[in-house]
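Have the structure open while you read.

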Amino acid sequence: MSGMNSDTIYAVSSGALPSGVAVIRLSGPMSKEALRALTKGRFPAAREAALRKLYDPADGIILDEVLVLRFDGPNSFTGEDVVELHCHGGRAVVASILKALSGFKDCRPADQGEFTRRAFHNEKLDLTEVEGLADLIDAETEAQRRQAQRQMGGALGELYSNWRKTLIRCRALIEAELDFSDEEDVPDSVATEIWKELSSLNGEIASHLSDARRGERLRSGLQVILLGPPNAGKSSLMNKLAQRDVAIVTPEAGTTRDVLEVHLDLGGYPVTLIDTAGIREDAGLIEKEGIRRAMQHAGESDLILWTVDSDEALNAVPDEFRDQSNLWFLHTKSDLNKHAPTVEDNHSGKVIETSVIEAGGIDGLLKSLREFAEENIGLIESPLITRERYRVLLQKCFDDIQRAIEAVQLPIELRSEDLRSAADSLGRITGRIDVEDLLDVIFRDFCIGK
């Protein structure tokens, strides 16, 4: 890691230009030297904001008057010396400062996610906190922000680290009994006592795993699909919910032929609403492909909204979805047809009246969707599993512990090895064991300057 951190990196960390203010961040051993040269020796105190003129070291021309912040390592985001230049956000201003920085020895533009990657390598963040930061940047709703904030704050990493410490301590007790059983300080059969503690630990892990994937659903958003025959009002409803023209609406059947998506914020919960091609038997070649895609997305969705405007359309639900509990019926165009279609007696799906014409015509649908989101996600303050990577490693950890607990016929050394494997799985989640192959995948989705 020392080779990687020998360079000083810099980048705009505040987003797209032009803007009122742009933040240029530097991190590395040359940060303070570069700042000293740019300010002609007017060096600000650490962790105190100071107004300074920046000069081009090449010709002494003033580049901008900026607010300067300096953070000395290890007390910084990356754990290295860090400087922030809060300058005016014009493209020419920023370009001139970046050009001046490029002239310093061992200074170079940062790669994607390199600031955060240095924070990880310098043990300022573990991988769960790194991924929580990525989720915080991407958060679109209040519930997503709160979950990401908890994870970035270390709640998830602390939980897994404490479990790992328990496993390591239990292994240490086993080793103590094996190596020092003749010593007075080591009680007889101390290893026998750890299995009750490990059973309790595995109960916590099992409870953590049986979360109905709430954390992952909150992170990615619930998938809700509009399905039904052509001209049932799906696209009009889509536009009404999105509050903009997302889908083309015409009297002609089969207008929608591909899958359209919009992201909604329903009471703080993220929902991805999907509009699809109308399902009918006599579809053309292009429509058939649209219907195939619609059926595929429906099978992967959390909720299917079957849009109907008559009894005939109501009962045309494809057989593979007819008995699903996550199927609702939307009576569209209720302003034209006040008679709500009757659901078959053997189906428990609710019927919701909707109209894109009448005032408040979709209020009932919005209320039901919010309740569905709260039921399936909920604002849980305890840490939740947010990624499949965590789930796979947690399941392996659980299986290893369970195998060690149940293998009473095996030598204690072999059971201890299962506990070592379980602890390693937890270590891979937080990024402290054998994760080099994961790092490029994790950091490639970060933007430059983070």
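1. Let's start with a local pair. E33 and R36 sit together in helix α1 (residues 31-38), three residues apart, or about one turn of the helix. Their side chains form a salt bridge, with the closest N and O atoms 2.9 Å apart. Keep in mind that this is a predicted model, so please read every distance here as computed from it.

2. How exposed are the two partners? E33 has 41% relative accessibility, so it counts as partly exposed. R36 comes out at 33% relative accessible area, which means partly exposed as well. Both values fall between the 20% and 50% cut-offs.

3. Now for a pair that links distant parts of the chain: E84 is in strand β5 (residues 82-89) and R25 in strand β2 (residues 19-27), 59 residues apart. Their side chains meet in a salt bridge at 3.9 Å, N to O. The cut-off for calling a salt bridge is 4 Å, so I'd look at this one by eye, given its 3.9 Å. Buried or exposed, E84 and R25? Both are buried.

4. R70 and D72 make another salt bridge, the closest N and O atoms being 2.8 Å apart. R70 has 11% relative accessibility and therefore counts as buried, the limit being under 20%.

5. There is also a charged cluster worth a look. D7, E80, R108, E114 and R118 are joined in a network of salt bridges. How many salt bridges are there by this rule? The count comes to 27.

6. Over to the helix packing. Helix α14 (residues 388-406) packs on helix α15 (residues 412-430) with their axes 8 Å apart and an angle of about 165° between them. Angles over 145° count as roughly antiparallel, so that is the label for α14 and α15. The crossing of α14 past α15 is left-handed.

7. Which residues make that contact? On the α14 side they are R389, Y390, L393, L394, K396, C397, D400, I401, R403, A404 and I405. On the α15 side they are R415, D418, L419, S421, A422, S425, L426, R428 and I429. By class, the contact of α14 with α15 has 11 nonpolar, two polar and seven charged residues.

Key: Residues numbered from 1 in each chain as written. Predicted model: local features only at pLDDT ≥ 70, side-chain atom pairs only at ≥ 80, totals over all residues. Heavy atoms only, no water. Axes fitted to C-alpha atoms, helices over the stretch in contact; angles between N-to-C directions. Helix = DSSP H or I, 4+ residues; strand = E, 2+ residues; numbered from the N terminus. Parallel < 35°, antiparallel > 145°, perpendicular 65-115°, else oblique. Left-handed = near helix turned anticlockwise from the far one by under 90°. Contact = heavy atoms within 4.5 Å. Nonpolar A, V, L, I, M, F, W, Y, C, P; charged D, E, K, R; others polar. Buried < 20%, exposed > 50% of the residue type's maximum accessible area, 1.4 Å probe, protein only.
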